[in-house]
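Subject: Structure handover

Hello,

Here is the structure I promised you. Please open it first, then read my notes beside it.

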Amino acid sequence: MLWNFLKIAWRNLTKNKFQSLILIGGLAVSMATCILLLQYVSYELSFDNFHTRKDQIYRVVNERFQNGRSVQKGTITYPTIGPAMKAEFPEINNATRIAYSSDVMLISENQVYPTEPGLWVDQEFLKIFDFPTIAQSEDVLLKKPNEILLTRQIAQRIFPDLTDYQSLLGKPIMIDRYPDPFVITGILENAPTNSTLQFEVLLSYASCIRYWGEGADNSWVWSDFYHYLLLDPNANAQKLENEFAAFSERHFRGDEVSGSKEEFSLQPLSRAHLYSSGLEYEIGATANGKAVWSMLTIAFFVLLVAWINYVNLSSVRAIERAGEVGVRKVVGASRFQLIRQFLLETLLINLLSLVLALAVANLLFPWFAHNFEINRSAIMFATGSTTDLFLWASLIFLLATGILLSGIYPAMMLSTPHISSVLKGNFLKNISDKKLRKGLVVFQFTLSIALISVVMLVSKQIRFISTQDLGVNIEQILTINSPELTEFDSTFIDKTNTLKNALVKIPGIISATTSNRTPGERTGRVFQIRKVGEGNTTESHTSNFINVDFNYAETYGLEPLAGRFFRREDHHTDYSLVNKIVISQATAEKMGYASPGNAVDRKLNFWDRDWTIVGVIPDFHQRSLHHQIEPLILLPSYSPGNTLSLRISTSGISDIIDQVKSTYAHFFPGNDFNYEFLDDRYAQLYEADVRFGKILSFFTILTILIAGLGLFGLSYYSILQRTKEIGVRKILGASTWNIITLINKDFVKLILVSILLAAPISWYFITRWLNQFAYRTNVAWWLFILAGLLAVIIALITVSFHSLKAATANPARALKDE
């Protein structure tokens, strides 16, 4: 019996090749897209799962409050926190602390090898995390000063002829400007791509203490460190968190120690990758969890539209199969047998679609990864390199859901009619569930219009952030990496100024400056800022800060609102003698000055010294438009860690870069030379938003295409039902235009209902998405109207194909049986 059902199902598929192609093709493309995104989501969900005790590992989160409001929240905190918590709370089995370096320069045989990033960690790090070693010379690694562990990748880069990793153990290697060599005591496997913590080298935390000072071990005010805790398997994390308030009071006594009220909490390692968007100074690889799940939700809805399309086209096929159903019932087929037959056909179509989808997913993968900038390692299933249970379970779920959602209704519809209804030819007249099919079309186009509206508004926001005045000119700014291997001495400032003078003499270079941060980069923060000699001198504030030289304002197009910018004499090789600052307008307002001019020559105290305000500059967007403009203090400071920024002309760029490279090498020999354009790097701040817009556009086009196919089938079904009516109307004098209008208006009504439903839905979701931006475009009402008009046009084009054909057909054919 089963084999007979399969043969009949296959015959029906091959008999109606065009409809079968639409059914299988639509489902396959939808499934393929869903498979690609399932792999991406599976990859995002797999972060840190390779750690055997991942459920016991937590990050310490520190939120700081000043004057009753939060001024900072992130995983960056003081070096003493982890050890103190471990000592005071028995629920904590182990703790490790980390200092982060965005890049580390390795020097071997006078050759420089830049790496990024590097982590300074203690001996507990490899006991808590599962980063396996290939070779090691010590039983306990990273315990002593000047130890370094290399990953396989960086080891092969430095020692390309390497055959035995064991031979590297004990080799010395120089790090940055540190005077003593570090000893290689171990080689690690590369950090997995799905690890939140990424690194190329691990350096012993004892080295931190040796070179940075004892404060890296015992400071309660130096906030540049990260802590991970390993809890006891039976520990209650929430209960432990509740004890942190007393811990904070014991060590910080309100805001007495650090100038802020300190609150601590725990974040599970399992949530670190996807749910850290609100945390500052993040050192891990993170993503937006809401965006990840949103993409998967949209993919499911696209697949749902394809299943609805299947239902509608199956309704069309029911017309052609009415005779088959009647004959089967006459010869004794039960309703159960008919339902089983039609569900088997649905299973066959969905299986064929799934097989085709897997092949399409493989073919689409390079295009998908390139256009949507998705990590290639995220796509594993299509190449057969994973047995991820999540993916397999999802595919089985998709198949089962597809069969149920798309197969039950057509099977019930085809098996329900009475024999006499079918044999008399009025099978379709007895079907009373037209509203369901129309409702499905409304659902399809509601989703399509909502997606069109959202895509338009996402595009509008991306245009807005791309064209918004940042308050600082980043166009034609070429940035050069800092000369980190050069020591700061009494000649460094003069050498840097001489370099800048030499550079501006190169044709095409307009100005040059150095700073420890460029626009788009996260700045450091100054805490416990107080006014000197006026008002409430006990009230403290927080501000961002950037170290800059006296050419910064000129290069970046900043004009002081009051006072002046830095002069050459404001700098000094002895930083303890530097006492001038320039503040932003937001800082002036936060400190309570009535106007920018009122702030000039006033004094602020921080870092245990008084600073004189010499100027106030306009606010500008140091970070992306996701963030509010924050108070900013500029300090006059040169450093080997400062980036060189050059304003250049638009012509002869390659020649300019070549001359800059040779000049840079002359002044700072031995340093690596890397450059990039600042506007390109600033644009990277919006990569996730642009990628989201691309993916959303792709899904929108796909949804409209599939919804159009469903409407195509339903219009054909509707016209078949009204064939005789159309013939009579034509005989009575109805014009072609009258017939087309008659048919099209019913579908236009459905689209108008869809517009009314889609508008509030799309408004809700787009406003939620826009809320992540501190500066955003307005939600224009006319975009919803435009999206609706586009849907109406698409629907009219789709339906008019059949309505025009019906309107121009010979009415005699329609009425020949009457």
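Helix α20 covers residues 653-667, which makes 15 residues. From its first C-alpha to its last, α20 reaches 21 Å, close to the 21 Å expected at 1.5 Å a residue. The expected span is 1.5 Å times one less than the number of residues. Helices here are DSSP runs of H or I with at least four residues, strands are runs of E with at least two, and both are numbered from the N terminus.

Buried in α20 are I656, I657, V660, T663, Y664 and F667. They sit on the same side of α20, because they cover an arc of only 135° around the axis. That arc is taken from the directions from the helix axis to the C-beta atoms. The face turned away from the buried side carries the exposed residues D658 and H666. Buried means under 20% relative accessible area, exposed means over 50%, and partly exposed lies in between (1.4 Å probe, protein chains only).

What do the buried residues of α20 pack against? Their partners are β14, α16 (492-504), β15 (509-515), β23 and β24. A contact means heavy atoms within 4.5 Å.

A word on the source. This is a predicted model, in which local features need pLDDT of at least 70 and side-chain atom pairs count only at pLDDT 80 or more, while totals for chains, interfaces and linings use all residues. Residues are numbered from 1 along each chain as its sequence is written, and side-chain values use heavy atoms, with hydrogens and water left out.

**Strand β14**

β14 spans residues 477-480 and is covered on both faces. I477 and T479 are buried on one side, L478 and I480 on the other. In general, side chains in a regular strand alternate between the two faces of the sheet.

β14 runs antiparallel to β23 (residues 643-648), and four bridges join the two. Here I480 has L644 of β23 as its bridge partner. β14 also pairs with β24 (residues 675-677), in the antiparallel sense, over three bridges. There L478 stands opposite F677. Two strands pair if DSSP finds at least two bridges between them.

**Strand β20**

Which face of β20 is covered, and which is uncovered? L604 and F606 form the covered face of this strand (residues 603-606), while K603 and N605 form the uncovered one.

β20 pairs with β16 (residues 524-531) over two bridges, in the antiparallel sense. K531 stands opposite L604. Four bridges join β20 to β21 (residues 609-617), again antiparallel. In β21, W611 stands opposite L604. β20 and β21 form a hairpin with two residues between the strands. In this hairpin, W607 takes a positive phi near 55°.

**Other positive phi values**

Most residues other than glycine have a negative phi. N67 has a positive one, near 55°. N67 is found in the loop between β1 (57-66) and β2 (69-74). D176 also has a positive phi, near 45°. D176 is in the loop between β9 (172-175) and β10 (182-188). At 17% relative accessibility, D176 counts as buried.

Where does L750 lie? L750 is in helix α24 (residues 736-770). At 12% relative accessibility, L750 counts as buried. L750 and G439 are 311 residues apart in sequence. In space they are 8.3 Å apart, C-alpha to C-alpha. Leaving aside its neighbours within four places in sequence, L750 is in contact with K438, V441 and V442.

**The whole protein**

The secondary structure comes to 26 helices and 24 strands. Of the 818 residues, 53% count as buried. Take the contacts between residues at least 6 apart in sequence: 80% of them join residues at least 24 apart. The protein exposes about 36200 Å², and carbon and sulfur atoms supply 57% of that. Accessible areas come from the Shrake-Rupley method with a 1.4 Å probe; for residues, only the protein chains shown count as cover.

C34 is buried, at 3% relative accessible area. C208 is buried too, at 0%.

Best wishes
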